[in-house]
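Work through the exercises below with the sequence and the structure at hand, and try each task before reading its solution.

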Amino acid sequence: RNSSFQDKHIPIKHWGGNGGDFVSIDVPSALSGKGLEIGGTNFQGIYQCPISCEIGVYTISFYLRTDSANPLTMFSRWEGFCDEQLFTATNSWTRCSYVVNKTRADANAIVFYLYHGADYNKIQIHSVQVERGNKVTDWSPSPFDTTSDIADAKNEAINSANNTLATTIANYYTKTETDSQINVAKDAVTT
């Protein structure tokens with residue numbers, strides 16, 4: 001969930017952090033337009049426990065880069081189902097992926113951590129995707145995010161309509177106010 005880091009209020013909503021700093025970044029080349037910068041030292045990063053992933057083969061994919069002059073190493077793994085998968089972050093966005101055979105139904109975390117960083121370093125990721133099977137496909141929003149976006153849009157539309165209606169009603173006189181204005185106008189004409 002929130003694989004696009006698009007949440008308006010908390011860019012790492014549904015993600016957990018393990019030390020370090022997390023900043024939402026603009027990524028014009030990403031379909032979502034957003035990414036996440038993870039800053040810190042050794043073994044600091046983010047993780048998430050996927051919702052309702054059945055036993056089977058899955059592919060985890062994401063884009064990775066660093067703004068460091070030197071390449072950095074990060075690792076990702078689906079805890080309990082595969083060893084650390086090492087990836088080198090350079091100053092260009094690179095699509096990374098790995099395949100995991102999930103052999104149990106429990107929901108262990110998928111992690112993205114800096115690996116052996118001696119100094120404070122930063123990596124950036126976007127378009128994280130977990131999909132069934134062993135083929136990488138183009139990134140698409142999580143169905144959980146889409147459902148949440150629809151509910152949010154519905155609530156915003158209802159609130160906007162209610163506010164417009166309240167403002168419109170407030171601009172009109174009540175019957176008592178109208179009768180009072182008629183009487184004032186009638187008195188003004190007769191005097």
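A residue is called buried when its relative accessible area is under 20%, exposed when it is over 50%, and partly exposed in between (1.4 Å probe, protein chains only). The model is predicted, so local features need pLDDT of at least 70 and side-chain atom pairs count only at pLDDT 80 or more, while totals for chains, interfaces and linings use all residues. Residues are numbered from 1 along each chain as its sequence is written, and side-chain values use heavy atoms, with hydrogens and water left out.

**Exercise 1.** Classify the ring pair of Tyr58 and Trp78.

Solution. Rings of Phe, Tyr and Trp (its six-membered ring) pair if their centres lie within 6.5 Å, and planes under 30 degrees apart count as stacked, over 60 as edge-to-face and the rest as tilted. By this rule there are five aromatic pairs. For Tyr58 and Trp78 the centres are 5.4 Å apart and the planes stand at 65°, so this pair is edge-to-face. Both residues, Tyr58 and Trp78, are buried.

**Exercise 2.** Classify the pair of Phe87 and Tyr98, and state whether these two residues are buried or exposed.

Solution. With 6.0 Å from centre to centre and 40° between the planes, Phe87 and Tyr98 form a tilted pair. Phe87 and Tyr98 are both buried. Ring pairs also link Phe87 and Tyr98 with Phe62 and Phe112 into a cluster.

**Exercise 3.** Describe how the charged end of Arg65 is placed relative to Trp93.

Solution. A charge sits over a ring if NZ of Lys or CZ of Arg is within 6 Å of the ring centre and within 35 degrees of the ring normal. The charged end of Arg65 sits over the ring of Trp93, at 5.8 Å from its centre.
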